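Dear colleague,

Please find below the structure that I am handing over to you.

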Amino acid sequence: MTQRFEQDFVVLGAGLCGLAASYLLEDRAVVLERARVAGGLVRSECNGGYWFDHVLHLLYFADSKTEQRITALLGDRLQRVKPEAWVETTHGTVRFPFQMHLGGLDREVVVNCLSDLAKETFLASDEVPGNFEELLLRTFGQTMADTFLLPYNRKMWRRPLAALAPSGFQWNITRPDFDKVLRGALNPDSEFRAYNAQGWYPRPAKDATLRGMAVLSDALAHACHDVRLSHTVESIDLARRTVVARGPQGDTEFGWRDSCLCTLPLPVTLGLCKQAPDRLLAAAQTLTRNRVITVAFSVEGPRPAGRGFWRYYGDEALIFTRLIYLHEFDPDIAPPEGWVLMAEVTQRAEDPLDDRTELLTRIRADVVAAGALPEDCKIVDEHVLVIDPAYVVFTPENAEIVHELRSFLAGHGVTPLGRYGQWEYSSMAQVMRDGFAWADAALARNEAPPGAASELPDA
């Protein structure tokens, strides 16, 4: 027998976006989450005293309202950090962002980078790039693209770059100021810093029972009124404004009086909707994505100096796109005699998973080849995480499909939001900002005082 439950707002997914919205909606919202813990991708685990996030996370606030809300919620557990990142290429190592610190590259490569960028800057065509590869070439010039941007993005997207859209799924890419690039080429220690030069990361007390970026998602979840974990959405009835979810006690039908916020991946949401037309269902299945394999190594030995918080690798002979030194984010994230190294490998989600043993062997060998494991250190354990979806992949055809799918859902009282709900490339701060904005708008149009949820008779 199916239980029934009605609330003003139903939120699907307890990632940061859904939690942010529910936090403001207080006792007028119920959140449904299939996992046993809240947070979505923003989760952390402990393995023998070594903490690690599922993927690299660092908070950058683009708007003061979101910053004020989150810093007030976490208090002194959230600390400012100044991350230092590096870019490894086959022609030298430079500080991130690559284009602003060319002075660390081979001299002839620097000359060619500047020459090519000058042509693109001062003799640039007004023609709009037709694909992602063209965008990189016209923005940075041939040599910069060949030295790092093209090989790195081939590893990142695992698809022909000419088949990807020039915008929509990656961070905004603009041509760098030529004068600043020149200064960075003449002075490898240029003081130019990227957007992520100032960030935030949880650094709770040394004896805290939870560490890593999960401190953020856990705080949001505990501030919410009603988060139902281990509840898997089985179907969405747009006409009846209800969701059926399977939980520990069986199936429950959740109805919304006002609206529904859905942060589930857009193709998944369409597949759950009873009224979704076959044409839209077929279109949703054409949307592609990449997964990320994160391997967290527990390392015993002295913590390496001068490696930065993370390093990007353009060398296509190395399997990973990035190595992360997580102890730099929080010194207490590992025992004093050890440290945490995370390797990220991007794969196409439609491809079969690699053999775990073979993959680990390859990653370990490449970590050594990259000089990331000092001789006086040894790996004592490893933890493999499969993140899927991790990155949405945007082709020129996808923009229209995504717009149509989102419009269909919005027309039936369901707002798709968050990185995967909107099928976009967005940060933690952005999805929280969007969740807050959605809740603020809902409360503004619905000014009645918050009321308790109502239990309905069994069906």
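The notes below begin with the protein as a whole and then turn to one of its pockets.

Please bear in mind that this is a predicted model. The secondary structure of the protein consists of 13 helices and 19 strands. Its radius of gyration is 23 Å, close to the 23 Å that the globule rule gives for 459 residues, so the protein is as compact as a globular protein of that length. Taken along the principal axes, the box filled by the C-alpha atoms is roughly 75 × 55 × 45 Å.

Of the 459 residues, 54% are buried, that is, under 20% relative accessible area. Among the contacts with a separation of 6 or more, 74% are between residues 24 or more positions apart. The protein exposes about 20000 Å², and 50% of this area is supplied by carbon and sulfur atoms.

I now turn to the second largest pocket, which holds about 220 Å³ of space. It is lined by 16 residues, of which V37, A38, S217, D218 and A221 are the closest to its centre. Which elements each supply at least two residues of this lining? They are the strand β3 (44-47) and the helix α7 (214-223). The most is given by α7, with 5 residues. Sorted by class, the lining of this pocket comprises 8 nonpolar, 4 polar and 4 charged residues.

Yours sincerely,
A colleague

Methods: Residues numbered from 1 in each chain as written. Predicted model: local features only at pLDDT ≥ 70, side-chain atom pairs only at ≥ 80, totals over all residues. Heavy atoms only, no water. 1 Å grid on protein atoms, 1.4 Å probe; cavity = no way out; pocket = protein on both sides within 12 Å on 5 of 7 lines; lining within 4 Å. Points joined across faces, edges and corners; volume = space filled by probe spheres on them. Helix = DSSP H or I, 4+ residues; strand = E, 2+ residues; numbered from the N terminus. Nonpolar A, V, L, I, M, F, W, Y, C, P; charged D, E, K, R; others polar. Rg over C-alpha atoms; globule rule 2.2 N^0.38 Å. Buried < 20%, exposed > 50% of the residue type's maximum accessible area, 1.4 Å probe, protein only. Contact = heavy atoms within 4.5 Å. Areas by Shrake-Rupley, 256 points an atom, 1.4 Å probe, with all protein chains shown as cover.
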